[in-house]
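Here is a short report on one protein model.

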Amino acid sequence: VTDDTAALAALMAALPQAGGTILLPAGTILVNDLVIPAKPITLEGVARGGIGAGNDGTILRCSNGHAVIKSMGTSDYVDRRYYLTLRSLMVYGSGTPGFPALELRYVSYFRAHSVNFNNSASQLCYLHNVWDSRFYDCDFSYGGNASGTEPAVHIHGTGGESSSNEIYFDNCRWERCPGTSFGITGSNVF
């Protein structure tokens, strides 16, 4: 299996500014710090089959010890990212402390539907100044650390107009997340 970061980045760059959907095949796709461009994008995989079905679905797996997916705006109003959706896939982290499987900074209207965030010795998801976002039917497995300094899901706000708010977790499940499942830091987080 080869690293497909450049190929996926090229597919996303080729989408019109209005965005679009990239359908990912079943199997393992190696990526490293896949940065989502500033346009509405849906990454849709193949749902995992049931026990004994022989179908692991689509797995986006870290290739070299960093984050799997990043959406990196730089400020609230100048470079905020909008409308990233992940659907029917596994985001499999590196297991390296300090690198979450999913890192969102200055993002609004993020959606995760039936996503398994898995295997991170750090946070599974780091959400920095994220607004109006939802996780539906997601699994959070094997994330965080036993000391509790790295929660499975870390929500951070920086204060003022920069905040993290209205983040919903509907019908989600946590499994084998030692220490703390949620960490909320900074100011103006609600």
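## T58 and its surroundings

The T58 side chain reaches the backbone oxygen of L24 at 3.5 Å.

T58 lies in strand 5 (residues 58-62). Strands (E, at least two residues) and helices (H or I, at least four) are DSSP runs, numbered from the N terminus. T58 is buried, at 1% relative accessible area. Buried means under 20%, exposed means over 50%, and partly exposed is in between (1.4 Å probe, protein chains only). Leaving out residues up to four places away in sequence, T58 touches L24, P25, A26, G27, I29, G45, V46, S88, L89 and M90. Contact here means heavy atoms within 4.5 Å.

## Basis of the model

The model is predicted: local features need pLDDT of at least 70, side-chain atom pairs count only at pLDDT 80 or more, and totals for chains, interfaces and linings use all residues. Residues are numbered from 1 along each chain as its sequence is written, and side-chain values use heavy atoms, with hydrogens and water left out.

## Salt bridges

How many salt bridges does a search of the whole structure find? It finds 5. A salt bridge is a side-chain nitrogen of Lys or Arg within 4 Å of a carboxyl oxygen of Asp or Glu. Side chains of opposite charge can pair when their charged atoms come close.

E44 pairs with R87, with the closest N and O atoms 3.6 Å apart. This pair links distant parts of the chain: E44 sits in strand 4 (residues 41-44) and R87 in strand 8 (residues 84-92), 43 residues apart. E44 is partly exposed at 24% relative accessible area. R87 is partly exposed at 27%.

E103 forms a salt bridge with R105, at 2.7 Å between the closest N and O atoms. E103 is buried, at 9%, whereas R105 counts as partly exposed at 25%. E175 and R173 meet at 3.1 Å, N to O. E175 is partly exposed at 28%, and R173 is partly exposed at 39%. D139, R173 and E175 are linked in a network of salt bridges.

## Cysteines

A disulfide is a covalent bond between the sulfur atoms of two cysteines. The cut-off used is a pair of cysteine sulfur atoms within 2.5 Å. The whole structure has 0 disulfides. C172 is in none, and the nearest cysteine sulfur, that of C138, is 4.7 Å away. C172 counts as buried at 19%. C177 is also in no disulfide; its nearest cysteine sulfur belongs to C125, 9.9 Å away. C177 counts as buried at 14%.

## Nonpolar core

The largest nonpolar core has 40 residues. Such a core is a set of buried Ala, Val, Leu, Ile, Met, Phe, Trp, Tyr and Cys residues joined through side-chain atoms within 4.5 Å. L43, F117 and F135 have the most contacts inside it. Residues up to four places away in sequence aside, F135 touches residues including F110, F117, C125, F169 and C172.

## Helix 1

A9 is found in helix 1 (residues 5-14). A9 is partly exposed, at 32% relative accessible area. A9 and L34 are 25 residues apart in sequence and 7.0 Å apart in space, C-alpha to C-alpha.

Key: A polar contact is a pair of N or O atoms within 3.5 Å; within protein, one must be able to donate a hydrogen and the other to accept it, and residues adjacent in sequence count only if both atoms are side-chain atoms.
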